[in-house]
Every structure is written in C-alpha cells, then in structure tokens.
Amino acid sequence: MQTRLKLGELDIHRLGFGAMRASGYYRPEADRTNAIRLLRRTVELGVDFIDTADSYGLGANEDLLAEALHPYGGVLIATKVGRTRPSPTDWTPCGRPEYLKQAAELSLRRLKVERIDLLQLHRIDPTVPYADQLGALAELVAEGKVRHLGLSEVTVDQLREARETLDIVSVQNRYNLTDRDHEDVLDYCTAEGIAFIPYVPIAKGEHAGSQLLASIANELGATAAQLSLAWLLHRSPVIVPIPGTRSIQHLEENVAAADVTLSVEHYARLEALSPTR
Ligand SMILES: NC(=O)c1ccc[n+]([C@@H]2O[C@H](COP(=O)([O-])OP(=O)(O)OC[C@H]3O[C@@H](n4cnc5c(N)ncnc54)[C@H](OP(=O)(O)O)[C@@H]3O)[C@@H](O)[C@H]2O)c1
C-alpha cells in the first residue's frame with residue numbers, strides 16, 4: 001500500500017491528525033499542557049499533516065498549534081476559513097470575499113507563518129456567488145499568502161467548477177466505513193489524483209466501540225479503530241484520514257493503523273458492513 005501522497009508540491013504521510021478536539025470547540029477549555037504534549041507526540045510519531053480551522057475554538061486551535069509546533073519543521077498545517085461561530089452550537093458559512101481574505105490573514109498571524117501551505121474553503125456559502133468565493137481564494141494564492149487550495153463538503157459539480165479556474169489539491173468531505181454519501185466525490189478525486197481527506201474518519205469514535213469491527217480486528221491483532229482507519233487507507237490511494245483524539249494512547253493506536261494490512265477477504269468483509277450505496 002502506498003504510504004505517502006503528493007499534495008501539490010508537498011509530500012505527506014497518508015495518515016494525518018485532526019486537531020479540532022485539541023482545543024475547546026468554542027471557548028478554549030481543553031487542558032492546554034496535555035494538548036501541547038499530544039500535538040508534539042503526533043509529530044514525534046511521524047505525522048506530517050495536521051488539520052485545523054480558524055473556527056475551531058474561535059482561533060484558539062491555530063494558536064495552540066503555533067505554541068506547540070511552530071516553526072513546524074516540515075509538518076504541513078492545513079487550515080480552513082469560511083465558517084463563523086455566532087454561538088457555541090452554530091456553524092454559519094460566510095463566503096463574502098472580504099471576509100475570506102481577512103480570515104486567511106488572521107490565520108497567517110495565529111499560525112505565525114508567511115504562507116499557509118493548504119487553505120481549505122470550509123463551506124461554500126449559498127448566499128454569496130460561488131465565483132466570488134473562488135475569486136477570493138485565487139487572490140490569496142496570487143498574493144503569495146496561500147500555497148495550495150482545498151475545498152470541504154463539496155459535490156463533484158462544485159469541484160469541477162472550481163477546477164475551471166483554480167488548482168484544487170484536496171477535498172475534505174465527511175466519509176467513513178459506515179458513511180459513504182460522498183462515494184462519487186471520492187471516485188472523482190481518485191481518478192484525478194486529488195487528495196481526499198475524510199473527516200470524522202472513525203465516525204466520531206463510534207467505530208472504536210463497534211463489536212463487529214472488534215471481532216474482525218482481533219483476527220488481525222488490531223483494534224476496531226485501527227481497522228476502520230486501515231479500511232480507509234486501502235479504499236483509495238488518495239485518502240488521507242485525519243482522526244482526532246485528546247488521548248496520547250489513542251493517538252499512538254491510530255497512527256499504528258498505517259501498519260495494518262488487509263487481505264482481499266478482510267477488505268471484502270468490511271465492505272459488506274458499509275451501508276448500501
Ligand atoms: N471539514 C469539516 O467540516 C470537518 C467537520 C468535522 C471534523 N473535521 C476534521 O476531522 C477531524 C476528525 O473528526 P472528529 O475528531 O470529530 O472525529 P473522529 O476522528 O472520527 O473521532 C474522534 C472521536 O473518536 C475518539 N477516538 C479517537 N481515536 C480513538 C481510539 N483509538 N479508540 C477509541 N476512541 C477513539 C475520540 O475520543 P478520545 O479523545 O477519547 O480519543 C473522539 O471522541 C477533526 O479534528 C477536524 O480536523 C472537519
């Protein structure tokens with residue numbers, strides 16, 4: 001199995017880390033000392049792709065990454081803009097070009113970098129012309145503030161439209177063994193060599209507690225969470241899972257999923273657990 005992936009000019013391990021849970025979602029609430037230890041352990045384990053967003057902890061997540069990892073030493077920090085948090089439970093898209101540009105500027109400042117390696121549009125804002133949102137992203141690249149662009153939660157048509165004017169290197173859509181609504185987007189990304197970053201890769205922890213997965217995992221000397229991640233890694237060579245955790249033990253377990261090899265028979269048994277497509 002291919003263990004690395006070209007993401008534009010960059011080259012990364014195919015198993016990344018989702019940093020969202022490392023800070024509080026809205027107000028900073030996680031144990032900062034533990035969070036910093038966790039992030040540094042992530043890098044020690046060889047992870048070189050970490051996903052964040054300006055909206056995670058209203059900027060606190062990016063601050064935390066900078067505190068723990070700056071100047072990053074070859075670790076690719078992928079952030080996102082385009083969602084606001086008017087309250088702890090609301091995620092509201094905002095794709096006005098001037099807002100997207102300001103948000104990217106603030107991400108640069110918090111991450112303490114001159115250029116964002118991968119900036120993803122967190123959501124397309126249905127109230128703003130799509131072309132205007134894409135135009136803001138293009139300007140950020142032209143100004144040298146962003147190296148590569150990605151999209152999140154998009155359809156194949158939206159991806160195709162963006163690619164008419166922009167080089168899109170990644171797509172971050174919700175996808176895992178039991179949630180395969182974006183199968184067509186994954187197939188398109190696989191055919192076009194675009195990185196596909198499935199978010200909530202172990203179904204927010206649900207797969208780790210699955211007895212069914214645990215019984216198959218047992219045969220391989222693996223855990224249920226590892227099996228779920230291994231299935232993603234085998235599903236397509238462009239997939240880069242970004243499991244999230246606040247636990248160093250779970251982090252180590254998840255990273256080791258890259259070493260789990262699935263036979264054709266095990267892969268087929270896992271496919272059989274997927275919902276009908
Ligand atoms: N683009 C988007 O719109 C979007 C939306 C949501 C998320 N994301 C990204 O996707 C990343 C991952 O999402 P997520 O964290 O919500 O979901 P996830 O990775 O599917 O699951 C995380 C949950 O699983 C638990 N867990 C992790 N590893 C485990 C293990 N080995 N054994 C048992 N439990 C385990 C964690 O709890 P513990 O802390 O106890 O381990 C946590 O509750 C986020 O960090 C974020 O970067 C993007």
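The model is predicted: local features need pLDDT of at least 70 and side-chain atom pairs count only at pLDDT 80 or more, while totals for chains, interfaces and linings use all residues. Residues are numbered from 1 along each chain as its sequence is written. Helices (H or I, at least four residues) and strands (E, at least two) are DSSP runs, numbered from the N terminus.

**Strand β10**
- Five of the five residues of β10 (residues 168–172) are buried, so the strand is largely enclosed by the rest of the structure. A residue is buried if 20 or more other C-beta atoms lie within 10 Å of its own, exposed if 12 or fewer, and partly exposed in between, with C-beta atoms placed from the backbone.

**Pairing and crossovers**
- Strand β9 (residues 146–152) runs parallel to β10, and four bridges join them; two strands pair if DSSP finds at least two bridges between them.
- Ser-170 in β10 stands opposite Gly-150.
- From β9 the chain passes through helix α5 (residues 156–163) to β10 in a right-handed β-α-β crossover. Right-handed means that, with the strands pointing away from the viewer, the path from the first strand over the helix to the second runs clockwise.
- Strand β11 (residues 195–196) is also parallel to β10, joined by two bridges, and its Ala-195 is the bridge partner of Ser-170.
- The β-α-β crossover from β10 through α6 to β11 is right-handed.

**Glu-192**
- Glu-192 lies in helix α6 (residues 183–192).
- Glu-192 is partly exposed because 13 other C-beta atoms lie within 10 Å.
- The C-alpha atoms of Glu-192 and Val-238 are separated by 9.4 Å, the two residues being 46 residues apart along the chain.
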